[in-house]
Amino acid sequence: MRPRNGWTKTTSAAAYLLAAVFLTSSCGTAEGGGDGSTTEPPTTSRDVESVSKENNSDLAEKKACEMLTRNNRENLNLRKGEPQDIGTARSCVYMTRGSPIESIPVAIDIREEQSLDSFNEAYGEATDTRIEERRAKIQCSYGNCLIAIRVDDQSRVDVTATDATDQRRARELATRTARTVIGNLPRQ
């Protein structure tokens, strides 16, 4: 990674690592298969300016960094995301704008083969909820707030925000991001 906007490689890498560790350990495993391989081509860091107008497009065609438009990111105060593949999920990690010390990571994971019911509660009990008419689960602990959003019976999209100093802030940002992502999901 190149330092940018005053970030050092160490600060940026540490923030991404923190988000990646939480994401891989709290989101469960895919049913079946199990080798962690994916047939999806690697994603690029190319910015996608708009999400398809037709929300009923297939989730399989979505890249995690396409789940938020530039306007969405600006409204959420997020920088451009960095695509990552974490296990079987297609992920995108964003950082809030601000100084490296104040900036917090926000991740979006597309989990095509993991249902809402397969959500792993290893880091505490998840609460069933509804966000914008979608079934979801929310789990906040240790400065992390994860919201799993049902897409259909076999898939979900997870949104995670991590703020070790203010879990309330992490929950608020995760909830705002989840609402935005839901507006860009295929219709139920």
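This briefing describes the disulfide bonds of the structure and the surroundings of their cysteines. The model is a predicted one. Two disulfides are counted in it. When the bonded cysteines are numbered in sequence order, the pairing reads 1-2, 3-4.

**Disulfide Cys65–Cys92**

- The sulfur atoms of Cys65 and Cys92 lie 1.9 Å apart, and the two residues form a disulfide.
- The link of Cys65 and Cys92 is right-handed, with 95 degrees about the S-S bond.
- This pair joins distant parts of the chain, its two cysteines being 27 residues apart.
- Cys65 is located in the loop between helix H1 (9-26) and helix H2 (70-76), whereas Cys92 belongs to strand E2 (residues 89-95).

**Disulfide Cys140–Cys145**

- A disulfide is also formed by Cys140 and Cys145, with their sulfur atoms 2.0 Å apart.

**Accessibility of the bonded cysteines**

- Cys65 has a relative accessible area of 14% and is therefore buried, the cut-off being under 20%.
- Cys92 is likewise classed as buried, because its relative accessible area is 0%.
- Cys145, with a relative accessibility of 0%, counts as buried.

Notes
Residues numbered from 1 in each chain as written. Predicted model: local features only at pLDDT ≥ 70, side-chain atom pairs only at ≥ 80, totals over all residues. Heavy atoms only, no water. Disulfide = S-S within 2.5 Å. Helix = DSSP H or I, 4+ residues; strand = E, 2+ residues; numbered from the N terminus. Buried < 20%, exposed > 50% of the residue type's maximum accessible area, 1.4 Å probe, protein only.
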